[in-house]
Amino acid sequence: MNTDRRRILGPQDARIPDLGISTNANNSMDIDPAGFAAEKRSSDIQKMFMKTNFISNANGSSYIEHGDTIVQVSVFGPRPIKSSFIEQASFSVECRFLPHLKQDDALDIDGDHHSNPNGRTGLSYTEHKISSFVESCLVPSILLDKYPKSTIDLHITVIEHNSESTSLTNLVNWITVASSLALVDSGVEVRDIVTAGHIISDGQHVILDPIEPVSKRTDCLVCFMNLKNEIVGIWVDGDLDNLDTAIEECNKMSRTIRGNINSYLLST
Amino acid sequence: MLLSPAERQYLYDSLVQNPPIRPDARNVFQCRPLEATTTFLPSSNGSARLRMTDGAECIVSVKSKVVKTADTPNLLEVDVDVQGYRDDSNFVATLKYNLSSLLHKNFPFEALKLTSRYSYKLFIDCIVMSNTSYPLTIISMAIYLALKTTKLPKLVSEVDDVNVEEQPTFSDDWEDAKTLGEATGSDFQPPVFITLGVIGSSLLFDPSLEEEQVLENGLIVSFYDGKAQTPLQNINLALNSNKNNYKGLKSTHIVSAISMVNKYCGMIIHALDTLIDQDEGDGQVF
Amino acid sequence: MESISFKPEILERIIPDVSLERHLKIGIRSNQRLFDEFKNIQILSQKSSHLLTTSYIQNGNTLVICNISYGITELLGGETPEQYSSVYPTLSISRGRSGAPTDEEMNLSQKLYESTLHSRILPSNSLIFKPKVMIDDNLEDLDTNKQFKFNLFVNLKVFDRSGPLFDVCHFALVTSLKAVKLPVIYLNDSFVKLSIDNLLAYPDAELVPLRLNMEVPLVSSNFGLYNLDEKNLIICDLENESEESNIISKVNVVSDGKAFNEFTLINGSLLNITRDEIKSLLRTSKQRAKAINSV
């Protein structure tokens with residue numbers, strides 16, 4: 001229930017309809033059990049587009065397009081704080097989806113996605129979760145003690161996300177990459193650039209960077225600082241068998257992304 | 001209590017020893033002592049109150065409702081309330097997200113099925129009265145105790161209502177009520193979260209507030225069905241203190257966390273079960 | 001005493017009024033544009049699907065993402081809607097703060113709502129419909145008196161604000177409205193109850209463009225009037241802190257290139273504005289609307 005009375009938000013009982021089921025067979029979103037067997041693309045990462053430094057009133061900004069996902073990140077800071085002295089910068093992350101986007105509701109804790117999207121001011125549980133995950137991934141990379149009495153704020157906007165084809169973990173993968181890029185763009189001193197890898201596996205085959213719905217046993221997202229091979233974030237759902245192989249594959253993917261980021265940054 | 005730099009260094013040095021020397025002389029795989037009471041809320045289907053030696057206290061109540069299965073996407077709802085934190089704070093929201101995800105992934109939902117149309121829906125309400133260290137473990141253990149002792153009324157109407165629509169009716173004798181374990185016909189053990197602190201090459205179960213301040217990282221691992229499960233995630237446990245020490249993990253940390261959970265969590269579950277047995281029939285809290 | 005000199009961009013931040021006056025005296029603006037020059041405005045991309053219309057609009061450096069989605073309400077019996085409807089806009093400006101909407105966000109949302117309503121571009125009839133029903137894989141008309149209505153929710157996300165935003169937001173809104181296509185709404189089964197909870201969007205039929213009472217998109221233009229040496233200077237499309245906060249006599253004109261839909265004048269510094277000046281403003285905004293719509 002919205003409590004914002006300051007804007008004209010439209011009728012509260014308006015309901016956003018679902019899309020009916022198409023009778024055309026070819027655009028169905030069915031789970032594809034043959035995805036693993038066919039090994040369509042077991043080793044490649046989907047193409048992505050990235051851009052940095054296009055917002056002049058933020059200290060750093062980045063934009064990533066990948067499959068159905070579009071993420072924008074702005075870094076504000078280091079900015080001075082008004083309250084009492086702190087030895088090192090405080091770092092905060094806020095992730096927001098544009099209001100019409102359906103968030104991953106596998107847990108069904110974020111309420112009804114059929115209701116009027118206008119006027120939501122707080123963050124949903126999913127947004128909070130992503131914010132705190134990304135924060136814990138990036139904190140080890142930033143030299144916070146270089147910036148006493150300051151805050152560094154990272155604002156993530158999820159512009160497009162198709163929760164039916166792309167899992168939340170895949171989205172978080174690209175959010176993490178975009179956030180690292182924005183941090184580099186802001187010039188805040190970092191130890192290493194955090195990149196991530198996301199895989200799913202059925203126990204035998206592994207698919208890197210899955211963006212189509214396939215049945216899976218393990219879904220594993222791992223974020224790395226590649227310089228010393230440190231794991232700064234791990235998020236595993238499903239089966240825990242062969243976790244070390246999964247981490248290894250995520251590492252490969254994160255290195256590939258890192259290579260791409262390096263060449264992008266060198267060429268700009 | 002925040003530690004001074006010297007205290008922090010002293011604690012850090014003793015914890016990176018092999019084996020680590022913990023301030024309260026605990027072993028790495030030991031949780032802090034706790035005391036608990038179950039089934040003390042008369043209007044709940046299951047309840048538990050859990051207290052730790054550092055003053056942390058958590059109350060969990062499980063209530064049930066009969067719903068139409070087709071209209072309810074979700075038969076479990078967890079709500080978390082922590083004293084001193086706003087409900088829309090990141091701290092509370094992340095706790096709620098993690099607990100919901102734990103229970104959704106590891107729960108015998110068939111135990112809630114009543115008829116072909118109707119099911120029970122469980123509402124799990126957690127209140128943390130006070131906490132010093134990260135409260136995930138204590139909430140999760142309280143949920144374990146509450147779910148384990150939850151009793152649901154016995155259905156007396158027909159189970160098969162595919163053709164005839166019928167409102168389910170229940171036995172009015174509370175003695176007939178069944179626990180979730182009896183409903184599934186197996187030894188039901190709800191899932192729990194174990195919080196592990198990472199420091200040097202060591203892993204510490206259930207870190208205390210002082211330990212959290214010097215930790216290099218934190219892990220949360222689920223335990224269900226006799227072994228480590230997902231969700232498995234890393235997490236920054238020290239929310240209010242400096243993040244000086246926060247570092248990345250090695251993959252060996254994760255592998256050994258899983259094997260430690262596999263090895264020792266059975267004992268924790270066994271201890272909780274014993275607690276329930278001892279508590280049976282008492283019903284007095286204070 | 002030694003005098004301190006500042007770079008122009010620093011001067012603009014510490015004493016914006018002096019900076020503005022100095023710039024205008026030598027006949028330039030701090031954003032390097034001519035007095036009668038507008039920032040470039042263009043649609044970067046636009047797409048519409050069954051549930052959503054998205055446009056990306058660029059205006060100078062400012063990027064606006066406009067999303068129009070809709071919700072369905074039932075028209076209660078006997079309710080006769082007004083002849084024209086509006087949309088429900090919410091706007092957020094990315095500036096590194098969070099929390100409740102700012103004054104500017106609220107005012108702009110309100111202005112967009114009113115502008116859409118009073119320019120009479122959205123007839124209520126285009127939003128009212130009767131659902132169909134699926135019988136044996138065919139859509140058929142439903143025998144009912146119930147009527148339903150689409151409510152358009154507009155969300156605008158603004159990145160890199162550098163000046164007043166009404167022009168760009170208005171442009172984003174009307175060009176997106178032009179692109180909105182609505183689906184056929186149906187009931188999956190003739191046995192289910194006719195209520196908004198059971199209505200679905202039909203995925204296989206062609207989408208129908210929203211009927212608007214607007215042939216070409218309306219274009220909003222803003223002007224500032226500033227008194228320099230007893231003469232009024234007309235400055236188009238204000239930008240930057242110094243112009244925005246110190247030029248307080250403002251004119252806003254909405255036109256489609258042929259006629260005028262809206263004219264707002266706020267004479268904050270009580271200037272003596274002449275008839276010829278107003279005429280020239282109107283002419284410029286008409287020309288601009290024509291130019292934008294001919295692209």
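This is a predicted model: local features need pLDDT of at least 70, side-chain atom pairs count only at pLDDT 80 or more; totals for chains, interfaces and linings use all residues.
Residues are numbered from 1 along each chain as its sequence is written, and chains are lettered from A, with ligands numbered from 1, in the order in which they are written.

Contacts between chains were considered first, two residues being in contact if their C-beta atoms, placed from the backbone, lie within 7 Å. Two pairs of chains are in contact, and of these chains A and C share the most contacts. Chain B and chain C, by comparison, are joined by no contact, and their closest C-alpha atoms lie 12 Å apart.

Where chains A and C meet, 36 residues of chain A are in contact with 41 residues of chain C. On the side of chain A that touches chain C, at least two residues each are supplied by strand E1 (18-19), strand E4 (69-80) and strand E6 (150-160) of chain A; helices (H or I, at least four residues) and strands (E, at least two) are DSSP runs, numbered from the N terminus. The largest share of this side, four residues, comes from E6(A). By residue type, the side of chain A that touches chain C divides into 14 nonpolar, 15 polar and seven charged residues, where Ala, Val, Leu, Ile, Met, Phe, Trp, Tyr, Cys and Pro count as nonpolar, Asp, Glu, Lys and Arg as charged, and the others, Gly among them, as polar. E1(A) also pairs in the parallel sense with strand E11 (residues 199-201) of chain C over two bridges, two strands being paired if DSSP finds at least two bridges between them. Within this pairing, A:Leu19 has C:Ala201 of E11(C) as its bridge partner.

The contact between chains A and B takes 29 residues from chain A and 32 residues from chain B. On the side of chain B that touches chain A, the largest share, nine residues, comes from H2(B), and the residues of that side divide into twelve nonpolar, 14 polar and six charged. Strand E10 (residues 230-238) of chain A pairs with E11(B) in the antiparallel sense over two bridges, and B:Leu232 in E11(B) is the bridge partner of A:Val236.

Within chain A, strand E7 (residues 194-201) is mostly covered, as eight of its eight residues are buried, a residue being buried if 20 or more other C-beta atoms, placed from the backbone, lie within 10 Å of its own. A:Val194, A:Ala196, A:His198 and A:Ile200 point one way from E7(A), whereas A:Thr195, A:Gly197, A:Ile199 and A:Ser201 point the other way. E7(A) runs antiparallel to strand E9 (residues 218-225) of chain A, to which eight bridges join it, and A:His198 has A:Leu221 in E9(A) as its bridge partner. E7(A) also pairs in the antiparallel sense with strand E8 (residues 206-208) of chain A over three bridges, with A:Ile199 opposite A:Leu208 in E8(A). The hairpin of E7(A) and E8(A) has four residues between the strands, and in it A:Gly203 takes a positive phi near 105°.

Chain C is given domain 1 (41-209) and domain 2 (217-294), with bounds that come from an automatic or database domain assignment. The centres of these two domains, taken over C-alpha atoms, are separated by 30 Å.

Key
A residue is buried if 20 or more other C-beta atoms lie within 10 Å of its own, exposed if 12 or fewer, and partly exposed in between; C-beta atoms are placed from the backbone.
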